[in-house]
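Subject: Handover of a structure and findings

Dear colleague,

Please find below the structure that I am handing over to you. My findings follow it.

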Amino acid sequence: MGIVPFPKVAGQVGFDRAELTRILDLYGRMVAAGHWRDYAMDMGRDAAIFSAFRRAAERPEFRIEKRPALRNRQGMWALIGEGGAVLKRGHELGPVLAPVERRLMKLVEE
């Protein structure tokens, strides 16, 4: 049995392989640092959302959202904090993940 792709629903927003690889790589490093323990993905008509949790029974510490409708405005990528505030928005995934990368560096240094 090979790799089974997620079923693609018409009009559904999703992550492509490179985007998901980048996000899961960061998630794995945060897990290895002992900071994150769980994640969830939601793929809907307007957005694909990756949520990272410190513990399973709480609100996500970060949400990484891809909203293609905002591509020509402020950018389709957003990093949203635990309280719901947009921490970073942009046209490319890398710079939007930068605040989490910096937090990881601080965790590793401690």
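A residue is called buried here when its relative accessible area is under 20%. By that cut-off Phe50 is buried, because its relative accessible area is 1%. Please note that this is a predicted model.

Aromatic residues

The whole structure contains 6 aromatic pairs. One of them joins Tyr27 and Phe50 in an edge-to-face arrangement, with 6.0 Å from centre to centre and 75° between the planes. This pair links distant parts of the chain, since Tyr27 belongs to helix H1 and Phe50 to strand E2 (residues 48-53), 23 residues apart. Both Tyr27 and Phe50 are buried.

Phe50 also pairs with Tyr39, and here the rings are stacked, at 5.1 Å centre to centre and 15° between the planes. Tyr39 is in strand E1 (residues 38-43) and Phe50 in strand E2, so this pair ties together parts that lie 11 residues apart in sequence.

Tyr27, Trp36, Tyr39, Phe50 and Phe62 together form one aromatic cluster.

The surroundings of Tyr27

Helix H1 spans residues 17-32 and includes Tyr27. The relative accessibility of Tyr27 is 11%, and Tyr27 therefore counts as buried. Leaving aside residues up to four places away in sequence, Tyr27 touches Trp36, Arg37, Asp38, Tyr39 and Phe50. Tyr27 and Tyr39 are 12 residues apart along the chain, and 8.3 Å separates their C-alpha atoms.

The sheet and the helix

How are the strands arranged? An open sheet is formed by 5 strands in the order E1-E2-E3-E4-E5, with antiparallel pairing. Its edge strands are E1 and E5 (86-90), each of which pairs on one side only. From one strand to the next, the twist averages 15°.

Within this sheet, E2 and E3 (residues 62-66) run antiparallel and are joined by 5 bridges. Ala48, for instance, has Lys66 in E3 as its bridge partner. Helix H1 packs on the sheet and touches E1, E2, E3 and strand E4 (77-81). The direction of H1 makes about 160° with that of E1.

With kind regards

Conventions
Residues are numbered from 1 along each chain as its sequence is written. This is a predicted model: local features need pLDDT of at least 70, side-chain atom pairs count only at pLDDT 80 or more; totals for chains, interfaces and linings use all residues. Side-chain values use heavy atoms; hydrogens and water are left out. Helices (H or I, at least four residues) and strands (E, at least two) are DSSP runs, numbered from the N terminus. Buried means under 20% relative accessible area, exposed over 50%, partly exposed in between (1.4 Å probe, protein chains only). Contact means heavy atoms within 4.5 Å. Rings of Phe, Tyr and Trp (its six-membered ring) pair if their centres lie within 6.5 Å; planes under 30 degrees apart count as stacked, over 60 as edge-to-face and the rest as tilted. Two strands pair if DSSP finds at least two bridges between them. Axes are lines fitted to C-alpha atoms, for helices over the stretch in contact, and angles run from 0 to 180 degrees between N-to-C directions.
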